[in-house]
Amino acid sequence: MAGFEILDPTVEPRLQPLTYVARPESLKGRRIGLVENTKFNSDRLLRKIGDILVHEYGAAEARMWRKRNSSVPAHDEIIDEAKRGVDVVVAGIGD
């Protein structure tokens, strides 16, 4: 006879501390990374955001990476390249 698992929804959630990275005072001269999640129009939205950050806020450049799909975190190659090549990352969605 196969067993079964009983889930108890009354268990208290485990709280984990959340810390934020300090925001730059300005985007002037900063390299912007855009992480696109493959949803419809997310690339267009992020490209527009990148253009605004470059032309209106003085960012040096904006480059984009594409995740494998929208339901997974950014893959290691994106994270590694972003660590080496950009100062700020914007992750976006679309639909």
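Q: What is the order of the strands in the open sheet, and which kind of pairing do they have?
A: This is a predicted model. Its open sheet has three strands, ordered S2-S1-S3, and the pairing is parallel.

Q: Why are strand S2 (61-66) and strand S3 (88-91) said to stand at the edges?
A: Each has a single partner strand, so one side of each is left without a neighbour in the sheet. The twist averages 25° from one strand to the next.

Q: What makes S1 and S2 a pair?
A: Pairing needs at least two bridges. Six bridges join strand S1 (residues 31-36) to S2.

Q: How do you know which strands helix H1 touches?
A: Contact means heavy atoms within 4.5 Å. Helix H1 (residues 42-55) packs on the sheet and touches S1, S2 and S3. Its direction makes about 170° with that of S1.

Q: Where does helix H2 lie?
A: Helix H2 (residues 76-85) lies across S1, S2 and S3. It runs at about 170° to S2.

Q: Which residues line the largest pocket, and how much space lies in it?
A: About 330 Å³ of space lies in the largest pocket. Its lining includes Tyr 20, Arg 23, Glu 25, Ser 26, Asp 87 and Val 89.

Definitions and conventions:
Residues numbered from 1 in each chain as written. Predicted model: local features only at pLDDT ≥ 70, side-chain atom pairs only at ≥ 80, totals over all residues. Heavy atoms only, no water. Helix = DSSP H or I, 4+ residues; strand = E, 2+ residues; numbered from the N terminus. Axes fitted to C-alpha atoms, helices over the stretch in contact; angles between N-to-C directions. 1 Å grid on protein atoms, 1.4 Å probe; cavity = no way out; pocket = protein on both sides within 12 Å on 5 of 7 lines; lining within 4 Å. Points joined across faces, edges and corners; volume = space filled by probe spheres on them.
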